[in-house]
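Subject: Structure handover

Hello,

Here is the structure for you to look over. My notes on what turned up in it follow below.

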Amino acid sequence: MLELRLVQGSLLKKVLEAIKDLVTDANFDCSATGFSLQAMDSSHVALVALLLRSEGFEHYRCDRNISMGINLNNMSKMLKCAGNDDIITIKGDDGSDTVTFMFESPNQDKIADFEMKLMDIDSEHLGIPEAEYHAIVKMPASEFARICKDLSTIGDTVVISVTKEGVKFSTRGDIGTANIVCRQNTSVDKPEEATIIEMKEPVSLTFALRYMNSFTKATPLSNTVIISLSSELPVVVEYKVAEMGYVRYYLAPKIEDDEADEVAETVSKKPKVQAKNEDD
């Protein structure tokens with residue numbers, strides 16, 4: 001038996017909006033400790049990891065570990081039927097091939113329930129080891145989204161360079177070049193507007209902007225974004241989900257001047273995360 005009740009139902013709607021364009025079908029794994037998802041995009045370039053800890057739910061019951069195969073677009077359509085202030089309850093019975101979503105208005109004068117068919121999805125759970133990063137940048141999520149959007153009008157890739165001067169986002173395209181530098185700024189009145197850089201050594205890596213722009217769909221979830229960079233490792237772009245968890249995106253760096261599909265360093269030894277040329 002599975003029963004999860006989330007008072008801030010809008011959080012779940014925002015989570016789905018953040019990941020549904022990147023991942024079509026995925027298994028949601030429920031255990032005693034939380035509700036999680038881990039899946040790669042269709043081209044096997046980016047990885048999404050979601051965690052919503054059990055203590056963040058008003059009511060959380062999961063009698064045994066369960067994996068629910070869900071089409072994220074279909075789930076998103078159902079969640080759009082919930083009001084932003086609605087309380088969302090997810091229910092599932094052991095061995096059932098459906099999951100039920102219940103939406104309650106705050107004053108409980110309206111209750112709706114939607115039943116959705118589950119899918120059999122064959123997916124391998126990926127081991128993501130803890131890694132030491134050369135540089136970690138914490139900055140306003142809206143600022144990062146604006147930078148990615150602006151740079152994608154000029155070029156297809158972004159070079160993220162972290163030095164003691166700050167973090168620089170650069171691109172180059174047919175019409176010219178662009179460089180945006182964000183300096184460390186911790187003296188702002190609001191902590192969420194600060195740019196904080198922790199750097200062990202300088203790092204400069206290139207990434208596909210269309211993926212970065214896809215990641216910024218998680219901006220409504222959090223005021224800040226944390227970007228963890230290390231040479232020859234996938235970048236981690238993390239958005240906190242309230243006090244209960246996170247959405248993390250992993251993207252392998254593009255290897256400059258490589259002619260064929262480049263095999264980037266892996267998130268773990270298995271499976272490989274490939275950085276493909278944009279034209280593939």
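Glu 238 counts as buried, at 9% relative accessibility. Here buried means under 20% relative accessible area, exposed means over 50%, and partly exposed lies in between (1.4 Å probe, protein chains only). The side chain of Glu 238 meets that of Lys 240 in a salt bridge, 2.7 Å from N to O. Lys 240 is partly exposed, with a relative accessible area of 39%. A salt bridge is a side-chain nitrogen of Lys or Arg within 4 Å of a carboxyl oxygen of Asp or Glu.

Before you read on, two points on the source. This is a predicted model, in which local features need pLDDT of at least 70 and side-chain atom pairs count only at pLDDT 80 or more, while totals for chains, interfaces and linings use all residues. Residues are numbered from 1 along each chain as its sequence is written, and side-chain values use heavy atoms, with hydrogens and water left out.

Salt bridges

Side chains of opposite charge can pair when their charged atoms come close. The structure holds eleven salt bridges. One of them joins Glu 58 to Arg 5, with the closest N and O atoms 2.4 Å apart. This pair links distant parts of the chain, 53 residues apart. Glu 58 sits in the loop between strand 4 (46-53) and strand 5 (59-62), and Arg 5 in strand 1 (residues 2-6). Helices (H or I, at least four residues) and strands (E, at least two) are DSSP runs, numbered from the N terminus. Glu 58 is exposed, at 53% relative accessible area. Arg 5 is buried, at 18%.

Glu 17 and Lys 80 also form a salt bridge, at 4.0 Å from N to O. Again the pair links distant parts of the chain, 63 residues apart. Glu 17 is in helix 1 (residues 9-19), and Lys 80 is in the loop between helix 2 (72-79) and strand 7 (87-92). Glu 17 counts as partly exposed, at 31% relative accessibility. Lys 80 counts as exposed, at 54%.

Nonpolar cores

A nonpolar core is a set of buried Ala, Val, Leu, Ile, Met, Phe, Trp, Tyr and Cys residues joined through side-chain atoms within 4.5 Å. The largest one has 76 residues. Phe 35, Phe 144, Phe 169, Met 212 and Tyr 249 have the most contacts inside it. Helix 1 gives the most to this core, with six residues. Another core lies apart from it, with seven residues, among them Met 40, Leu 47, Leu 126 and Tyr 250.

Where is Met 212 found? Met 212 is in helix 4 (residues 209-215). Met 212 is buried, at 0% relative accessibility. Beyond four places in sequence, Met 212 touches Phe 144, Cys 148, Val 158, Ile 160, Phe 207, Val 235, Val 237 and Leu 251. Contact means heavy atoms within 4.5 Å.

Helix 2

Which residues of helix 2 are buried? They are Leu 72, Met 75, Ser 76, Met 78 and Leu 79. Seen down the helix axis, they fall within an arc of 160°, so they line one face of helix 2. The arc is that of the directions from the helix axis to the C-beta atoms. Asn 71 caps the N-terminal end of helix 2, with a side-chain oxygen 3.0 Å from the backbone nitrogen of Asn 73.

Cys 182 is in no disulfide either, and the nearest cysteine sulfur, that of Cys 148, is 10 Å away. Cys 30 is buried, at 2% relative accessibility. Cys 182 is buried too, at 10%.

Ser 105

Ser 105 lies in the loop between strand 8 (98-104) and strand 9 (111-117). Ser 105 counts as buried, at 11% relative accessibility. A polar contact of 2.7 Å joins the side chains of Ser 105 and Asp 109. A polar contact is a pair of N or O atoms within 3.5 Å; within protein, one must be able to donate a hydrogen and the other to accept it, and residues adjacent in sequence count only if both atoms are side-chain atoms.

Best wishes

Key
A disulfide is a pair of cysteine sulfur atoms within 2.5 Å.
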